[in-house]
Amino acid sequence: MSEALLLSLIQKLEDKPNEDETDEDGTDEDGDETDEDVDETILVFLNEQIENIIKEIREIVDIVRDKKLEEGRTLNFLVCDLVGMADDALRIFRFGKSIGSCYKDDYESIHRWIGEIKKQMLKLGDDESNMRSSENVEDDVDVVGFEEDLEMLVLGSIVGGELWLKNVLIIGMAGIGKTTLAREIFNHPTVKEQFERRAWVSNSTYFTLKELLIKLIQQVAVEDPENLHTSSSLEDMDNRSLRGRGSRLLVTSHTKHMDLHVDKEDFHKMKALESKKSWQLFLKTINHGNKLTGDHKFPMDLEHMGKQMLRKCGGLPLAIKEVGKQLAEKKVSGESEWEELLVSVDFGSTLKLLEPFYQKLDPKLDPCFMCMSFFKENTTLRAEKLKQIWNAVGVVDYEKNCKPYLDGLVNESVIDVKEKSTEYAMNVVLHMLSIQKAEEKLGFEILRNNGNNRPCESPRYHRVIICSRDKFNYSTDQDKHLVSLFFHGGGFFDTSPCYWKSFEQRLRILDLEDFGLKFLPETIGKLMELRYLGLRNNYLQELPDSLGCLEKLEVLDIAQNFMVEVPDIIWKMSKLHHLYLFDVISRNPLKIEALQYLETLTYVSVDNWTYELSRLRMLARLHKLGIEEFDGNSDVSKLFVSLAVLEGLDHLILRGYRFRSMPCLDELAILQRLKTLKLDGLLARLPNNLPLNIESLTLVNSCLDEDPMPLLEKLPKLEYLKLLNAYTGQEMVILHHGFPRLKVLCLKELWNLRNIQCGKDAMYWLMKLEIYDCPYLDILPEAIERMNMLKELKMVTTKNIAAKIMNSDLISEIVLVNINP
């Protein structure tokens with residue numbers, strides 16, 4: 001039965017192109033545009049997604065056949081969920097054709113959810129006792145720091161609006177308080193008053209959506225005999241019919257559930273507790289929760305020391321409470337004993353509690369997760385560096401797209417996206433877990449420069465060396481199996497040739513970023529297998545000629561080394577994919593055009609850029625380019641003609657020369673393939689025409705006298721706009737239907753701006769508005785009330801303006817409001 005249903009599902013997906021019968025006026029039966037009106041690349045993408053889903057379902061059919069699965073509730077429920085996924089895929093396919101959109105994120109979610117169904121299919125027959133309901137929702141649990149989350153969800157998503165079916169999702173890493181918050185919502189007086197019947201189901205492992213819905217309905221039915229259904233009658237219903245029996249479904253998870261159809265305003269990402277709230281929870285746990293009294297209570301004289309210890313908890317309630325309980329159980333007396341305990345806090349029990357979270361992690365993400373151990377805790381992780389390290393280690397090949405791995409870690413709450421969308425952060429407790437798992441499974445170790453390290457019997461493949469500011473000490477008896485070597489901390493780096501000799505055969509990654517390095521030895525050229533060399537943010541003044549011997553090097557990062565001299569060696573590293581420079585000095589022009597594999601080049605002086613078109617055609621793979629020292633003396637015509645030759649170039653950064661004005665950029669329009677553009681420097685005016693395919697635009701230190709909005713609002717595909725010290729005027733005007741696709745607008749350091757006027761339906765799709773350091777902008781445009789898609793507002797302004805805007809009715813419908821003085 002299940003196999004037949006899956007095969008019919010495949011047939012339904014295969015027949016999707018034939019379902020759209022068109023009328024004489026060129027529309028289908030629903031009045032939507034036909035394929036002829038949609039961009040060909042979008043149609044190709046949509047069709048590819050359906051084909052990929054068909055392929056995945058065929059693999060599931062093979063699993064059912066190979067395992068000879070007997071018909072049962074779990075199998076039927078999984079197939080029912082799969083039917084829902086296929087219906088969603090077809091719905092998105094048809095809607096995407098009608099409006100000309102790819103819906104990449106939605107399809108990625110569908111593929112991720114089908115992958116989870118596939119994993120559960122493989123487990124069937126081994127153990128079907130994986131569905132439980134066992135949690136008492138009335139338990140007394142410490143609640144600190146969730147006041148804003150509670151109010152936002154209760155008043156906004158749960159109680160607010162009409163009582164039609166709505167799904168609300170609380171997402172976040174394990175131990176961050178999702179269940180605690182859900183319990184507070186479930187038992188909130190306002191929720192109890194509005195909803196006569198409530199049901200709670202918890203599970204410790206995988207739950208099919210259908211099983212979840214049936215259990216909820218059965219709980220409600222006990223209180224409502226008139227609507228009582230037997231289990232069999234409920235099991236005969238599809239997921240859509242089951243969902244139609246309720247008005248609110250609140251789900252907590254560490255990952256996203258595509259099949260829940262959660263709107264953006266009903267999607268709540270839990271954040272770690274800030275320092276003040278962490279301290280409150282710690283005190284509540286250690287003093288009140290464990291009834292410590294008198295001399296046993298935590299001494300407030302050690303508050304600073306306690307807060308330093310809590311930094312290792314990363315604002316994770318699970319870790320804070322576990323540490324608090326651990327300390328309280330010691331029942332010590334006296335300040336000196338407390339000091340000893342704070343220094344020796346053990347996070348082992350916390351990591352054990354996170355083990356289920358790790359076990360649920362998608363297996364393909366496991367190597368990426370373990371590689372996070374290479375980096376410092378609490379550091380900003382650049383997307384480009386993460387992908388390059390994974391490539392060099394062998395987690396992902398250059399031929400594969402790394403984005404699904406990054407998105408996967410975000411979707412499974414392993415890492416969080418920072419303010420800049422290309423930067424990420426990892427909770428320090430999860431970082432500890434990644435170290436533990438890497439030590440167990442990846443051959444990873446951490447060595448300290450104090451020599452206090454235990455010898456390891458098994459081979460080590462990845463090593464982090466943590467150095468003090470003292471002279472770097474090392475052993476000449478190095479591990480010849482090492483593939484990667486990371487230096488953290490800082491110190492005097494002076495090694496003899498024998499130090500590097502043992503690394504010659506296998507070392508692929510050497511990362512010295514932020515190390516305080518002043519000198520790079522000639523012996524670095526002995527590392528012939530090196531693929532990644534990270535030298536960013538050091539004090540290097542010159543690079544050795546021996547660097548040219550690294551013929552297999554794929555990434556060379558020497559950015560943020562002020563005025564470093566680079567000899568004529570770059571052209572020798574013919575396998576370079578990514579080259580990061582900054583304010584380099586070279587006696588001869590760098591022969592960049594010899595690097596036929598180059599994908600990223602930032603930054604190269606405009607004087608070092610060749611205008612020889614035949615040579616530039618060798619850079620067929622270059623897609624991101626940054627050019628600096630760009631001023632009025634630069635030959636603009638030749639530059640843009642040369643850039644037009646680069647067929648893969650879609651990301652361009654032009655940086656002016658210190659305080660000089662950049663030249664007229666009218667000829668930018670010939671670069672029609674550009675999607676991302678950043679202009680950093682003084683501009684007399686904006687170019688009359690900008691490339692029409694631009695999706696992301698950043699203007700920095702432009703100091704324009706004229707309002708840039710009348711020109712920028714006409715860009716048909718612009719989705720992201722950032723203006724940083726880019727305009728000196730007092731008023732901005734956005735006309736009727738201006739910025740038809742803009743989703744994010746960031747205004748920063750516009751020191752004179754006082755007013756923003758918006759016409760009807762301007763910025764209709766705007767979802768996020770950020771305003772920082774605009775001290776005279778004390779009112780927001782009234783059009784904000786009509787921006788139904790606007791769900792997030794962030795401002796940094798004066799106290800008076802913050803208070804005024806917080807009390808404004810204009811922002812009452814915005815879900816996430818963060819205004820700080």
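Cys467 is buried, at 8% relative accessible area (buried is under 20%, exposed over 50%, partly exposed in between, using a 1.4 Å probe and protein chains only). Keep in mind that this is a predicted model, where local features need pLDDT of at least 70 and side-chain atom pairs count only at pLDDT 80 or more, while totals for chains, interfaces and linings use all residues. Residues are numbered from 1 along each chain as its sequence is written, and side-chain values use heavy atoms, with hydrogens and water left out.

**Cysteines and Thr41**

- Cys703 is partly exposed, with 26% relative accessibility.
- Looking through the whole structure for disulfides (a pair of cysteine sulfur atoms within 2.5 Å) turns up 0.
- Thr41 sits in helix H2, residues 40-67, and is exposed at 56% relative accessibility. Helices (H or I, at least four residues) and strands (E, at least two) are DSSP runs, numbered from the N terminus.
- Thr41 and Cys102 are 61 residues apart along the chain, and their C-alpha atoms are 9.0 Å apart.

**The sheet**

- S4 and S6 (residues 423-425) run antiparallel and are joined by 2 bridges. Leu381 has Tyr424 in S6 as its bridge partner.

**Salt bridges**

- There are 33 salt bridges in the structure, each a side-chain nitrogen of Lys or Arg within 4 Å of a carboxyl oxygen of Asp or Glu.
- Glu529 pairs up with Lys552 at 3.0 Å, N to O. This pair ties together distant parts of the chain, 23 residues apart: Glu529 is in the loop between S10 (509-511) and S11 (532-534), and Lys552 is in the loop between S11 and S12 (555-557). Glu529 is partly exposed at 22%, and Lys552 is partly exposed at 35%.
- Arg660 bridges to Asp631, with the closest N and O atoms 2.8 Å apart. Here too the pair links distant parts of the chain, 29 residues apart. Arg660 is partly exposed at 44%, whereas Asp631 is buried at 7%.
- Lys768 and Glu770 form a salt bridge with closest N and O atoms 3.2 Å apart. Lys768 is buried at 19%, and Glu770 is buried at 8%.
- Arg382, Lys385, Asp511, Glu513, Arg536 and Asp557 are joined in a salt-bridge network.

Methods: Pairing = 2+ DSSP bridges.
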